[in-house]
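Please keep the structure open while reading the points.

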Amino acid sequence: MRQAFERRKNLIVKLAKEIPGLEVNNPEGAFYLFPKCSAYFGKSDGERSIHNSTDFAMYLLEKGHVATVGGDAFGSPECFRMSYATSNENIAEAMKRIKETLARLK
């Protein structure tokens with residue numbers, strides 16, 4: 001099981017690093033990725049504007065259909081949290097949706 005989580009972590013880190021504007025760390029424990037998303041603060045898709053990590057997480061949920069959690073809840077308001085406690089296929093699909101959704105923001 002440990003090897004499966006290591007593979008999932010490596011996959012989500014690799015895919016997250018391919019998304020412009022995200023600053024990605026390499027997690028050392030648990031099964032969460034906690035990238036910095038503040039590069040998107042102040043951006044808009046013409047309908048919605050992102051002001052903080054809560055807006056960012058809600059935007060991903062409502063527009064990209066990917067559930068994440070804003071970093072405010074963890075004392076890091078410039079970040080958001082994603083879990084990689086799921087299959088490689090789900091991780092790949094979620095990261096594809098996130099990348100496409102964030103590309104709408106200008």
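Predicted model: local features only at pLDDT ≥ 70, side-chain atom pairs only at ≥ 80, totals over all residues.

1. Residues are numbered from 1 along each chain as its sequence is written, and side-chain values use heavy atoms, with hydrogens and water left out.

2. Helix H1 covers residues 2–17, where helices (H or I, at least four residues) and strands (E, at least two) are DSSP runs numbered from the N terminus. H1 has 16 residues and spans 23 Å from its first C-alpha to its last, close to the 22 Å expected at 1.5 Å a residue; the expected span is 1.5 Å times one less than the number of residues.

3. Which residues of H1 are buried? They are Ala4, Arg8, Lys9, Ile12, Val13, Leu15 and Ala16, with buried meaning under 20% relative accessible area, exposed over 50% and partly exposed in between (1.4 Å probe, protein chains only). The cover over these buried residues includes strand S1 (32–33), strand S3 (80–83) and H3. An α-helix has 3.6 residues a turn, so residues three or four places apart point the same way.

4. Lysine 9, in helix H1, deserves a separate look: it counts as buried because its relative accessibility is 11%. Not counting residues up to four places away in sequence, lysine 9 touches Asn26, Pro27 and Tyr84, contact meaning heavy atoms within 4.5 Å.

5. H1 and H3 pack with their axes 10 Å apart, at an angle of about 15°; axes are lines fitted to C-alpha atoms, for helices over the stretch in contact, and angles run from 0 to 180 degrees between N-to-C directions. H1 is therefore roughly parallel to H3, since angles under 35 degrees count as roughly parallel, over 145 as roughly antiparallel, 65 to 115 as roughly perpendicular and the rest as oblique. Arg8, Leu11, Ile12, Leu15 and Ala16 of H1 make this contact with Asn88, Ile91, Ala92 and Met95 of H3. By class, the contact has 7 nonpolar, 1 polar and 1 charged residues, where Ala, Val, Leu, Ile, Met, Phe, Trp, Tyr, Cys and Pro count as nonpolar, Asp, Glu, Lys and Arg as charged, and the others, Gly among them, as polar.

6. How do the axes of helix H2 (residues 53–64) and helix H3 (residues 88–102) cross, and at what angle? They come within 10 Å and cross at roughly 105°, which means that H2 is roughly perpendicular to H3. In this contact Phe56, Tyr59, Leu60, Lys63 and Gly64 of H2 meet Arg97, Ile98, Thr101 and Leu102 of H3, and the residues divide into 5 nonpolar, 2 polar and 2 charged.

7. Tyrosine 32 sits in strand S1 and is partly exposed, with a relative accessible area of 28%. Leaving aside its neighbours within four places in sequence, tyrosine 32 is in contact with Pro27, Arg81, Met82, Ser83 and Tyr84. Its C-alpha atom is separated by 9.9 Å from that of phenylalanine 80, 48 residues apart along the chain.

8. Alanine 30, in the loop between H1 and S1, has a phi near 55°, a positive value in a residue other than glycine, and counts as exposed at 59% relative accessibility. Histidine 65, in the loop between H2 and strand S2 (69–70), has a phi near 60°, again a positive value in a residue other than glycine, and counts as exposed at 57% relative accessibility.
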